[in-house]
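Please open the structure in a viewer and keep the sequence at hand.

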Amino acid sequence: MRKNTWIYLLVALFCVSCSVDRSKDESLSFRLMPALGDAPLSKQFRVSVNGKDAIVEKMEKIDIPIHYVQMVYDGTSPLQVSVRVDNPIQNYTVSPMRKNIKANVSGNQLSFAVDSAAYLLVKINDLEDLYLLINPKVDYQAQVSDKEIVNILSFGIDSTGTNKETEKIQAAIDEVSRRKAVLYFPKGKYYTGELYMRSDMTVLLADDALIMGSTDPADYQDKSLIRMDGVSNFRMLGYGTIDGAGWAGLRKNGAREFHLLYASNCKNVLYDGVVLRDPTFWNTRVYRSKEFHMKNLKVLNNRPYKNWTNTDGVDFDSSTDCSLVNAVIHAGDDNVVVKGLDSEREYTTERILFDHILTVSNSAAAKIGTETCVEHFKDIVFRNIDVVKCKRGMVINGFDSTRIENVRFENITIERFDFNGAEAPRLIDFEITDKSWRECTGNCVIDGIEVSNVSVLTSLNGVDAQILGKDNRYGIKNVTINRCSVLGKPITSADDIHLSVNSFVQEIVFTTD
């Protein structure tokens, strides 16, 4: 008993010291994230912010390695960012390009100022992608100050990543849920199999906390690292990282279609700030749920050189009143997606919002479908989306029996298209069909689609568009394309975007007001 008392005292002192250190950092306008310690750091890029050297993480275990720096910034005074590489800089881009960030090049150094929190992608010469993940400053500790905070280390858990701690972590989750408290993961690497989140609790991740998935498929009974079934009143907060061990681990060991985060029949859920990286399949699927909200999210998946992999970003499926706001998604398949796989038709897909998102993909940037089994889709908004690269820009694929209405694609910028692989790039792809790789009916109606303020910053040479109904009964009507442009030239007709339309489409209107 005396030994346990000393352990708890040490843990308490550790938490207090962390809180004191954190409070000092919070007085600054920005802070740089420490290294996670799970992978080699970047050798391609050296980044400094206001003269302070930043840690540049490297995800080298995926097909196309990516590099990233993560920080927190309150926007009170501009940040001076410097990126150095080994060789002279011949060309560069900073995305989102619509921010029009002007940089200075001096030999092998790129310098520019940032005056607001943002997720940026820097491309230099032919080097790999460098993400600057500049998070808005959020005091997550203050959000849980009225709750009991339970340190995961008090359950005797290894935080070095040496031992697999699934059972102990699950026991901690169950206990903290029972107490309606906060489960805090301090700095460390927590090696685990599938974890089942519970209701009435918060998980708080420190900046340098890493929940690392096992590479053994047998450790995932329900094929997901973070599992939520019938969970309500749950929050996942903090700038820490959850890694699905997907591409170089689980997939090489035979795993297929393992989600990083899978939620079903959930209500009143918030994910805020976390990094969700490297699943074998869709990163996040929210199914048959209500009031499931995500923000300040970093989704970093595998992306191949050619064609695509099934590493979707975030899929809201047969769910209502859900949102993803302020995020970056690097994916091998569709980025932000709305689906309706509930073939029992107990649920619909309504009131879904995607807002302020930077996307990179080999497939669709913003998509409804392909699975459209629910009775109807309604009030779906894709807004303020910056598409660094995609195969298809705006997509509605009605392959099943549903009604899709009141959909808005607004304030979207497309920087370039992907020409690798067999599929032709498309700016717009709205289609009802019964021809697919799976059984489908194509008994859909699409009515009321608005595409507005879309700016294409690249040529449409080799890029087409299509709006195709199935037949006289299952067609598309009331499509408005308003205030859109290609390389600054207004889109005023179908010819401007190489648009194919069949006889089962009614009332397409082009306007510039």
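How do the residues of the lining of the largest pocket divide into nonpolar, polar and charged? They divide into four nonpolar, seven polar and twelve charged, where Ala, Val, Leu, Ile, Met, Phe, Trp, Tyr, Cys and Pro count as nonpolar, Asp, Glu, Lys and Arg as charged, and the others, Gly among them, as polar.

The model is predicted: local features need pLDDT of at least 70, side-chain atom pairs count only at pLDDT 80 or more, and totals for chains, interfaces and linings use all residues. Residues are numbered from 1 along each chain as its sequence is written, and side-chain values use heavy atoms, with hydrogens and water left out.

**First stop: the largest pocket**

Select Lys-367, Thr-370, Arg-392, Asn-397 and Trp-437, which lie nearest the centre of the largest pocket among its 23 lining residues. The volume of this pocket is about 480 Å³. (On a 1 Å grid over the protein atoms alone, a pocket is an open set of points where a 1.4 Å probe fits, with protein on both sides within 12 Å along at least five of seven lines; lining residues have an atom within 4 Å of a point. Grid points are joined across faces, edges and corners, and a volume is the space filled by probe spheres set on the points.)

Next, colour β31 (364–372), β33 (392–398) and β35 (426–432), each of which supplies at least two residues of the lining. Strands (E, at least two residues) and helices (H or I, at least four) are DSSP runs, numbered from the N terminus.

**Second stop: an open sheet**

Select the five strands of the open sheet, in the order β3-β2-β6-β9-β8, with antiparallel pairing; two strands pair if DSSP finds at least two bridges between them. β3 (52–53) and β8 (103–106) stand at the edges with a single partner strand each, so one side of each has no neighbour in the sheet. Four bridges join β2 (residues 46–49) to β6 (residues 79–84), and Val-47 has Val-83 in β6 as its bridge partner.

Move to Pro-96, in the loop between β7 (92–95) and β8. The peptide bond from Ser-95 to Pro-96 is cis, with omega near 10 degrees.

Then select Lys-180, in the loop between α3 (166–178) and β14 (182–185). Phi of Lys-180 is positive, near 50 degrees. Lys-180 is exposed at 53% relative accessible area (buried is under 20%, exposed over 50%, partly exposed in between, with a 1.4 Å probe and protein chains only).

Finish at Leu-487, in the loop between β39 (485–486) and β40 (489–490). Leu-487 has a positive phi of about 50 degrees and is exposed, at 55% relative accessibility.
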